Structures are given as C-alpha cells and as structure tokens.
Amino acid sequence: MGYPDLFSVYGTVANQSGRSLEAILLVMGVYLSLSLGISLAVNTYNRRVALRWRL
C-alpha cells in the first residue's frame, strides 16, 4: 500500500461524504501506524544482526 493509494481512498471518502477532516485524519493515522510498524521491524532486525564488537 503506497502513499497514492491512501490519498485515493481520501479522495473517495471526501467526495462521497463531504467529511474531509475525518478522512485526512484517518489517512494520516494509517500512514503513521504503517511507518512506525515498519520502523520497529527494521530496528529489531538491525539489533539482531548488529556487530557485537566495536573498533
């Protein structure tokens, strides 16, 4: 799911219901949760494969 897909959903909701603010808040919440979830997964993976010694 990409950014344009989320804004396509926003456009549909805004045009059909007229609730622009609620739609944009929903899109922002979904995008934020996806970004934080991916970040958490990558950081966890990075900690597992990180080198244990430093120069």
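Just past helix α1, G18 adopts a positive phi of about 80 degrees. This is a predicted model, where local features need pLDDT of at least 70 and side-chain atom pairs count only at pLDDT 80 or more, while totals for chains, interfaces and linings use all residues. Residues are numbered from 1 along each chain as its sequence is written, and side-chain values use heavy atoms, with hydrogens and water left out.

Q: Why is α1 called roughly antiparallel to α2?
A: The axes of α1 (residues 3-17) and α2 (residues 20-49) cross at roughly 160 degrees and come within 9 Å. That angle makes α1 roughly antiparallel to α2, a label for angles over 145 degrees. The crossing is right-handed.

Q: What makes the contact between α1 and α2?
A: Contact means heavy atoms within 4.5 Å. On α1 the residues are Y3, L6, F7, Y10, V13 and A14, and on α2 they are S20, A23, I24, V27, V30 and Y31. They divide into eleven nonpolar, one polar and no charged.

Q: Why does V30 count as partly exposed?
A: V30, in helix α2, has 28% relative accessibility and therefore counts as partly exposed, the class between buried (under 20%) and exposed (over 50%).

Note on methods. Axes are lines fitted to C-alpha atoms, for helices over the stretch in contact, and angles run from 0 to 180 degrees between N-to-C directions. Helices (H or I, at least four residues) and strands (E, at least two) are DSSP runs, numbered from the N terminus. Angles under 35 degrees count as roughly parallel, over 145 as roughly antiparallel, 65 to 115 as roughly perpendicular and the rest as oblique. A crossing is left-handed if the near helix is turned anticlockwise from the far one by less than a right angle, and right-handed if clockwise. Ala, Val, Leu, Ile, Met, Phe, Trp, Tyr, Cys and Pro count as nonpolar, Asp, Glu, Lys and Arg as charged, and the others, Gly among them, as polar. Buried means under 20% relative accessible area, exposed over 50%, partly exposed in between (1.4 Å probe, protein chains only).
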